[in-house]
Structure formats: structure tokens, C-alpha cells
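Work through the exercises below with the sequence and the model open. Each task is followed by a solution in steps.

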Amino acid sequence: KAGSNNTATGVDTLKTNTIGNLNTATGYQALSGNTISYYNTAYGARALMGNISNTTGRNTAVGYEALLKNTTSSNTAVGAGALSSNSTGGSNTAVGNNALKNNDTVFGNTATGDNALSNTTGSYNTAYGTFALLTNTSGPSNTAVGYNALFSNNGVVLGGSTAVGLRALELNTSGNANTAVGSSALRTNTTGTYNTAVGYEADVTFNNFTNTTAIGAGAQVNA
């Protein structure tokens, strides 16, 4: 291909490359739209296919349609559909099938796990675990570790919640700045804010409490 020190293996790989250097593409249409970008690595059919005019590069995509629409730099996507809708968002890392799938223009998200953070326009979120922060849209600066942790988080402008454990804060929708540590901790909270629960099934009895603390396995806040 045009440019120098590029490696292309597969039909239409690096097809339109002009002066882009030091790119590696393996798979059908991998990096096929690239023209001037450099230091990109794409393994998998249509991986980084839409990477067109970005000059800084340094993207890594492994998997079918990983980083499919990307036009910016410093993203890493491993898994089918990972970061596939990303266009101008940078410094994101997605590992897992459809991880950060709908991330578009935002920065600094990290998602590891099947469908982790697959729907988001919020920045600086961290999700580890299958379906962690799955439905997050605009909420920033959340941390979810565990299966279904912060699963329902949606449209929280302030964000800032932390959930560690299986189903921790699973039903939270618009509540912000909550902390849940333990399996099913604060699971029933939906709109409450500034709550803390530590321990297995430590929770609140109503979904909209504010500034409550439950510590210990099965601890419940009633009022």
C-alpha cells in the first residue's frame, strides 16, 4: 500500500491509504478507509474501517467491526463490536463483545466485559463486568465492578457513583454520588443520592433516600 512500513493482509485492507505510515491491517476491509493516519493496528473484518482523516492515529482494534467508525486517536478496542460507533471520542478502552459499543464523542471511558458500558455519552466511566453500566447514557465518572453493577444507570448528569459487587446499585437510574460495596448492595436504590452501603445486601427500604448509611450484611435503612 502507499505510505511506508504498512502491512495489509486481506481483501480491501488499507485500500485507500495514501501517506499513512506504520499501520497494520488484517481482515476484510480492515482500515480500508485510512488515508493519512499512522500507528494504527486493526485485526478483524471491518476493524477501524472508517478511520479516514485522523493524522495522529495510535488506535488498536481487534475483532469484527471494532472501532468501525473511528476518526480520532488513542482508542483500544478488543472484541466484536467494541467501540464500533465511536467517531471522535479519544482515550477510550473497551474489552469484550460490544463493550462501549455506542460510545461516540466522549473521552476517557474504560469498559471490560460483555456489553459493559455499551450505551454511553458520558465521560470518565469505568466498568468491569458483564452488563456493568450497560444503559448509562450521559452519566460521568461512575465506577462499576461486577455483573450488572450500576446496570440501569441512565441520564445522570452529576454521576459519581461507585458500585462494587454482583448487582450492586443494579436498579439505580438517576441517583448520583452513591457508594455500594458488596453483592446486591444498594440494589433497590433508584433516585436516591449520597447513600452508602457496605455488605452483602446492605440496602435502603425506599428507593429515594438521601444521605443514608447501611453497614453490615443485610443492613437496612428504614428512614
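At 6% relative accessibility, Glu 170 counts as buried. The model is a predicted one, and the exercises start from this residue.

**Exercise 1. Find the salt-bridge partners of Glu 170 and say which parts of the chain are tied together.**

Step 1. One partner is Arg 167, with the closest N and O atoms 2.8 Å apart. Arg 167 is partly exposed, at 28% relative accessibility.

Step 2. Glu 170 also meets the side chain of Arg 187 in a salt bridge, at 2.5 Å from N to O. Glu 170 sits in the loop between strand 10 (162-164) and strand 11, and Arg 187 in the loop between strand 11 and strand 12, so this pair ties together parts that are 17 residues apart in sequence. Arg 187 has a relative accessibility of 30% and counts as partly exposed.

Step 3. Taken together, Arg 167, Glu 170 and Arg 187 are linked in a network of salt bridges.

**Exercise 2. How many salt bridges does the structure hold, and which loops does the one between Arg 46 and Glu 65 tie together?**

Step 1. The structure holds four salt bridges.

Step 2. In one of them, the side chains of Arg 46 and Glu 65 meet at 2.6 Å, N to O. Arg 46 lies in the loop between strand 3 (41-43) and strand 4 (60-62), and Glu 65 in the loop between strand 4 and strand 5 (76-78), so the bridge ties together parts 19 residues apart in sequence.

Step 3. For accessibility, Arg 46 is partly exposed at 25%, while Glu 65 is buried at 16%.

**Exercise 3. Classify the ring pairs Tyr 38 with Tyr 39 and Phe 206 with Phe 209.**

Step 1. The count of aromatic pairs comes to four. Tyr 38 and Tyr 39 are 4.7 Å apart, centre to centre, with 90 degrees between the planes, and the pair is edge-to-face.

Step 2. Phe 206 and Phe 209 have ring centres 5.6 Å apart and planes at 65 degrees, so this pair is edge-to-face. The cut-off needed here is that planes over 60 degrees apart count as edge-to-face.

Step 3. Elsewhere, ring pairs link Phe 131, Tyr 147 and Phe 151 into a cluster.

**Exercise 4. Compare the places of Leu 186 and Glu 201, each with a positive phi.**

Step 1. Leu 186 has phi near 50 degrees, and Glu 201 has phi of about 60 degrees. Neither residue is a glycine.

Step 2. Leu 186 lies in the loop between strand 11 (179-181) and strand 12 (196-198). Glu 201 lies in the loop between strand 12 and strand 13.

Step 3. Leu 186 is buried, at 1% relative accessibility, whereas Glu 201 is partly exposed, at 37%.

**Exercise 5. Which residues make the nonpolar surface patch of about 460 Å²?**

Step 1. The patch is made by Tyr 128, Val 145, Val 164, Val 181, Val 198 and Ile 215.

Step 2. Ile 215 is found in strand 14, and its relative accessible area of 65% makes it exposed.

How values were computed:
Residues numbered from 1 in each chain as written. Predicted model: local features only at pLDDT ≥ 70, side-chain atom pairs only at ≥ 80, totals over all residues. Heavy atoms only, no water. Patch = residues over 30% accessible without salt bridge, like charges linked within 9 Å, V, L, I, M, F, W, Y side chains within 5 Å. Areas by Shrake-Rupley, 256 points an atom, 1.4 Å probe, with all protein chains shown as cover. Helix = DSSP H or I, 4+ residues; strand = E, 2+ residues; numbered from the N terminus. Buried < 20%, exposed > 50% of the residue type's maximum accessible area, 1.4 Å probe, protein only. Phe/Tyr/Trp six-rings, centres within 6.5 Å; stacked < 30°, edge-to-face > 60°.
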